Amino acid sequence: MKILLNGKSIEINEKITVFTLLLKNGFEPNRVVVELNKKIVKQPLWDVTDIHSGDTIEVLSFVGGG
Amino acid sequence: MKDQLIIAGQKIKSRFFLGTGKFPSYNVMRESIISSGAHIVTVALRRVDPKLKSENIMNFVPKNRIVMTNTSGARNADEAVRIARIAREMGCGNWIKIEVIADNKYLLPDNLETIRACEALAKEDFIVMPYMSPDLMDAKRLVNAGAASIMPLGAPIGTGKGLKTKELIKILISEIDLPIIVDAGIGSPSHAAKAMEMGCDAVLVNTAVAVSENPILSAQAFSLAVQAGRLAYLSGIRGEKDIAEPSSPLTGFLR
């Protein structure tokens, strides 16, 4: 299935949770916030929330800004 | 003499606010926050690139600071609201600087969308600090929308041109019963001092500090200028006259 992760289309071949998706793509889970189809997924729900074909996932964190 | 800046019921310990973008390193940013004594610092939210193993900026913000997330990147009210909610979810508290910009050349804020975002976020109990083009009617709309302060620009972001909107900001100071904080365009400590002498309540600086040769010293210079300008305002300096007036007595000697 295809999903959109931080604006990039990627292909996933297995059933996967938000948590596994983060780990497999090299994100550090303790520093990020996740939006799934424009809704925030709270951290305790990451390993019980499945990713589905066509989902849009944003992984965000704080940076310097004015 | 007691002179306390209060925003949304909270005592703010410094009238100098510091943005955290463009610093050569997070360590220099941290030392600049310390040297300036800034109590409110701003941060932004961005997509994470896992290839860049960058450090967590929050580990470099000294303790007991208010970290205010800006909504930079938002092009309309809905995007600003979305960013604010994410920031709060990340444990960054409820201080939010609304920045809605759809003009990429001059980075001027969209007041209309800013008002919409302010209304929505105030209802969700955010402490809303809107960055805006200094227009009196729009500032009044922001007050009605629940803003905690008004943050007019002095000049476009990052230009360092100073208080190009001075006369319009003076009108806001006179007519708006909320803290007025000049945000954007301040390029040197003298600009910051001038804003404070006029009666602004605080000043936010980022680029001018961060891109200077020594940001740690620069942050301190801006902070001292803000303090000097505030004292000058409170002291009631008289301003300019066209005709000279001797400061020493002219009578009783040599004539």
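The radius of gyration is taken here over C-alpha atoms, and the globule rule used for comparison is 2.2 Å times the number of residues to the power 0.38. The model is a predicted one, in which local features need pLDDT of at least 70 and side-chain atom pairs count only at pLDDT 80 or more, while totals for chains, interfaces and linings use all residues. Residues are numbered from 1 along each chain as its sequence is written, and chains are lettered from A and ligands numbered from 1 in the order in which they are written.

**First selection: chain A**

Select chain A. For its 66 residues, a compact globule would have a radius of gyration near 11 Å; chain A has 12 Å, which agrees. Along the principal axes, its C-alpha atoms fill a box of roughly 40 × 25 × 20 Å. Chain A has one helix and five strands, where helices (H or I, at least four residues) and strands (E, at least two) are DSSP runs, numbered from the N terminus. Followed from the N terminus, these elements run β-β-α-β-β-β.

Colour the chain by burial next. A residue is buried if 20 or more other C-beta atoms lie within 10 Å of its own, exposed if 12 or fewer, and partly exposed in between, with C-beta atoms placed from the backbone. Buried residues make up 24% of the 66 residues in chain A.

**Second selection: the contact between the chains**

Val63(A) has Ala44(B), in strand 4 of chain B, as its bridge partner.

The secondary structure of chain B comes to eight helices and 10 strands. With 255 residues, a compact globule would have a radius of gyration near 18 Å; chain B has 19 Å, which agrees. Its C-alpha trace spans about 80 × 40 × 40 Å along the principal axes. Of the 255 residues of chain B, 47% count as buried.

Select residues 77-89, which form helix 2 of chain B. At 1.5 Å a residue, its 13 residues should span 18 Å, and its end C-alpha atoms are 18 Å apart, which agrees; the expected span is 1.5 Å times one less than the number of residues. Buried residues of this helix include Ala77(B), Val81(B), Ile83(B) and Ile86(B). Just after helix 2 of chain B, Gly91(B) takes a positive phi of about 80 degrees.

Is strand 7 (residues 127-132) of chain B buried or exposed? Six of its six residues are buried, so this strand is largely enclosed by the rest of the structure. In a regular strand the side chains alternate between the two faces of the sheet. Ile127(B), Met129(B) and Tyr131(B) point one way from strand 7 of chain B, and Val128(B), Pro130(B) and Met132(B) the other way.

Ile96(B) stands opposite Val128(B).

Most residues other than glycine have a negative phi. Select Asp125(B), in the loop between helix 3 and strand 7 of chain B; its phi is near 65 degrees, a positive value. With 10 C-beta neighbours inside 10 Å, Asp125(B) counts as exposed. Select lastly Ala184(B), in the loop between strand 9 (181-183) and helix 6 (189-198) of chain B. Phi of Ala184(B) is near 90 degrees, a positive value, and with 27 C-beta neighbours inside 10 Å Ala184(B) counts as buried.

Methods:
Pairing = 2+ DSSP bridges.
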